[in-house]
Amino acid sequence: MKRFLLSASLLAAVSLAGAQVRMVEIPSNARQKAIDSVVYRITYNAKTIDDTTRTDKKGRYEYAEDMMRLDIGHHANCFYNYTEMYADSLLHAAYDKSHDLRGMKRVKSTISWEIYQNYPEGQTTCLDKVWTNKYRITETTQLPQWNIVADSTARILGYNCTLATTHYKGRTWRAWFTEDIPLPYGPWKLCGLPGLVLRAADASRQFIFDAIGLRQMDGTQPILLKKHYDKYEPVSQKTFDKARRETTPGEAFAIKGVTIGTSDPEIDKAIQNALKKVTPYNPIEVIR
């Protein structure tokens with residue numbers, strides 16, 4: 001039987017609530033490939049919805065929040081979930097030190113994807129996962145067709161910003177950018193404006209990105225490819241979406257030969273039931 005270390009997202013999904021979990025397959029320390037160095041780092045607060053049917057009594061969405069980072073290099077960029085990366089690092093550290101994980105706070109995170117722009121050159125690569133199965137989606141970079149709204153102004157992080165709108169990959173977006181920072185980049189794949197995007201949201205406000213900090217870096221920190229990048233299965237976005245909507249966690253683990261369970265029969269039954277259920281999926285990219 002394979003050994004597998006449960007991620008923070010899986011721990012939350014199956015609601016282990018103090019169970020003693022059999023854990024295995026520690027992530028390897030394989031060296032990661034540096035594809036560039038960080039020149040600018042922008043941090044965004046991301047509010048997202050994974051289940052559009054869940055609202056409060058007033059019909060408002062119940063958002064999950066993540067801290068996202070956009071690392072801009074000389075040639076390539078990476079947009080990734082710092083919240084998830086930090087939570088996973090805590091779990092790995094606890095495992096390495098033989099700590100009891102039962103008391104650890106679990107972080108709810110809905111963004112599992114990681115975006116590399118201009119890697120390979122002229123292309124955009126998205127790394128994502130369906131439980132234990134990892135996928136790589138690569139496409140020729142497609143710039144949004146922006147409409148800049150005249151006389152629109154906002155002040156974000158002390159910068160004067162202008163509004164632009166676009167219909168891109170199935171959603172209508174509103175983005176505030178500043179020409180004071182003439183970098184044509186932004187969160188996710190929102191790029192091509194004459195300034196850095198500091199705020200963006202789709203029309204339904206299911207995805208909201210707000211810049212909360214930015215730094216000019218000294219170029220000594222590398223932009224790294226995710227570990228085992230070449231082992232991510234190359235698929236189309238449509239194929240990935242189908243797998244994400246239809247694959248239960250139990251099916252994904254079975255493919256890997258992994259067994260999940262506990263010594264407590266009652267808790268184990270709850271886990272097995274959870275492993276049979278597909279989880280809600282609200283993709284940022286809508287394919288019709």
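**Note on a cavity, a helix and a buried aspartate**

1. In this predicted model, the second largest cavity is lined by Q117, T124, E139, T141, Q142, Y168, K189 and C191. Sorted by class, this lining comprises two nonpolar, four polar and two charged residues. The volume of the second largest cavity is about 30 Å³, and the structure holds two cavities of 30 Å³ or more.

2. A reader may next turn to helix α3, which spans residues 237–246 and in which Q237, F240, D241, A243 and R244 are buried. These residues lie on the same side of α3, because they cover an arc of only 165° around the axis. K238 and K242, by contrast, are exposed on the other side of α3. As for what the buried residues of α3 pack against, the partners are β6 (123–130) and β7 (133–140).

3. The residue D202 deserves a separate look, and it belongs to strand β12, which runs over residues 196–202. D202 counts as buried because its relative accessibility is 3%, the cut-off for that term being under 20%. Leaving aside residues up to four places away in sequence, D202 touches R171, T172, W173 and F207.

4. Two of these neighbours can be described further. W173 is 29 residues from D202 in sequence, yet the two are 4.3 Å apart in space, taken from C-alpha to C-alpha.

Terms used
Residues are numbered from 1 along each chain as its sequence is written. This is a predicted model: local features need pLDDT of at least 70, side-chain atom pairs count only at pLDDT 80 or more; totals for chains, interfaces and linings use all residues. Side-chain values use heavy atoms; hydrogens and water are left out. Buried means under 20% relative accessible area, exposed over 50%, partly exposed in between (1.4 Å probe, protein chains only). Helices (H or I, at least four residues) and strands (E, at least two) are DSSP runs, numbered from the N terminus. The arc is that of the directions from the helix axis to the C-beta atoms. Contact means heavy atoms within 4.5 Å. On a 1 Å grid over the protein atoms alone, a cavity is a set of points where a 1.4 Å probe fits but cannot get out, and a pocket is an open set with protein on both sides within 12 Å along at least five of seven lines; lining residues have an atom within 4 Å of a point. Grid points are joined across faces, edges and corners, and a volume is the space filled by probe spheres set on the points. Ala, Val, Leu, Ile, Met, Phe, Trp, Tyr, Cys and Pro count as nonpolar, Asp, Glu, Lys and Arg as charged, and the others, Gly among them, as polar.
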